[in-house]
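I opened my notebook today to look around a protein model step by step. Here is what I had on screen.

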Amino acid sequence: MKHGPVASGAGEPASADPRQVLIGRLEAAYRSAVEVGFLGPHEGLRLRERHIEDALALAEIRAPQPGERWADLGSGAGLPGLPLAACFPDTSFTLIDAQQRRLAWVAATAAELGLGNVVTVHGRLEDLGHGPDRERFDVATARALGSLPVVAELGLPLVSVGGALIVPRGRPDDAELDEARLACGLLGGEVTDMVPNPTSPIDPVGFVVIMTKTASTSPRFPRRSGVPTRNPLGRPRPKRR
């Protein structure tokens, strides 16, 4: 995997691997995320492989390109968006979350790392999907946003036609994949691939589901706040007695 140039920090040997230097700086920054409770109390011992390397593994499947616009949906503590932004400085990353306190930490950390390609947006995806960011992004990612149909409804409206929504997770069952396919059909997209992600340490066998935007999303979607989660698209309705 090829990353963009990374500036060495003060006091680091000139011969140090720039990527490892950067990962070390990210690891140090994420220790503070553990301290303030944005990551679990036991995550400090496995920040590198469980969070940083796991985020960067997405670039093995779909590498950010210069000039592209990426969105990290429900970014939380900036995962996977912040590590990707650090390693791909020529790609623009917009990190979106409904929790202002977490976004403030992400913005401060990006500034501390000297990242000029990170923008944070505070808001709900149900609302942002009807705003100026609609169909603006080449790629969107969602690490922990919900089931595949929910991710599809919240993510695909923000992706431009021809773009992709990439979703790292464990192995989804056939029922969830069928529901995702039905949801994508309503949203102007399709499930185009499910790629094994053996570099991911989070799940026994990690996968990345890829949804491709093939047509503009109907203005009916996303539905109002809370509805996508309560009543996911593609899920069979219970029969009335």
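My entries below go from the sheet to the helices and then to the loops.

**Ground rules.** I am working with a predicted model, in which local features need pLDDT of at least 70 and side-chain atom pairs count only at pLDDT 80 or more, while totals for chains, interfaces and linings use all residues. Residues are numbered from 1 along each chain as its sequence is written, and side-chain values use heavy atoms, with hydrogens and water left out.

**Entry 1, the sheet.** I looked up the helices and strands first; these are DSSP runs numbered from the N terminus, with at least four residues (H or I) for a helix and at least two (E) for a strand. In what order do the strands of the open sheet stand? I read β3-β2-β1-β4-β5-β7-β6, seven strands with mixed pairing. β3 (118–122) and β6 are the edge strands, each with a single partner, so one side of each has no neighbour in the sheet. From one strand to the next, the twist averages 20°. Two strands pair if DSSP finds at least two bridges between them. I picked out β1 (residues 69–73) and β2 (residues 92–97), which run parallel and are joined by five bridges. Trp70 stands opposite Phe93 in β2.

Helix α5 (residues 100–112) lies across β2 and β3, at about 170° to β3. α7 also packs on the sheet: it touches β1, β5 and β7, and its direction makes about 150° with that of β5. Contact here means heavy atoms within 4.5 Å. Axes are lines fitted to C-alpha atoms, for helices over the stretch in contact, and angles run from 0 to 180 degrees between N-to-C directions.

I checked the length of α8 (residues 174–187): at 1.5 Å a residue its 14 residues should span 20 Å, and the end C-alpha atoms are 20 Å apart, which agrees. The expected span is 1.5 Å times one less than the number of residues. Which residues of α8 are buried? I found Glu176, Leu177, Glu179, Ala180, Ala183, Cys184 and Leu187. They cover an arc of only 160° around the axis, which puts them on the same side of α8; the arc is that of the directions from the helix axis to the C-beta atoms. Buried means under 20% relative accessible area, exposed over 50%, and partly exposed in between (1.4 Å probe, protein chains only). The face turned away carries the exposed residues Asp174, Leu182 and Gly185. Among the elements covering the buried residues are α7 (148–155) and β5 (159–169).

In α2 (residues 47–56), I listed Leu47, His51, Ile52, Asp54, Ala55 and Leu56 as buried. Their cover includes α1 (18–35), α3 (58–61) and α4 (81–87).

Most residues other than glycine have a negative phi, and most peptide bonds are trans. I noted a cis bond between Leu79 and Pro80, with omega about 10°; Pro80 is in the loop between β1 and α4. Another cis bond joins Phe221 and Pro222, with omega about 0°, and Pro222 lies in the loop between β7 and α9 (227–230). Glu135 is not a glycine, yet its phi is positive, about 55°. Is Glu135 buried, exposed or partly exposed? At 24% relative accessibility, Glu135 counts as partly exposed.
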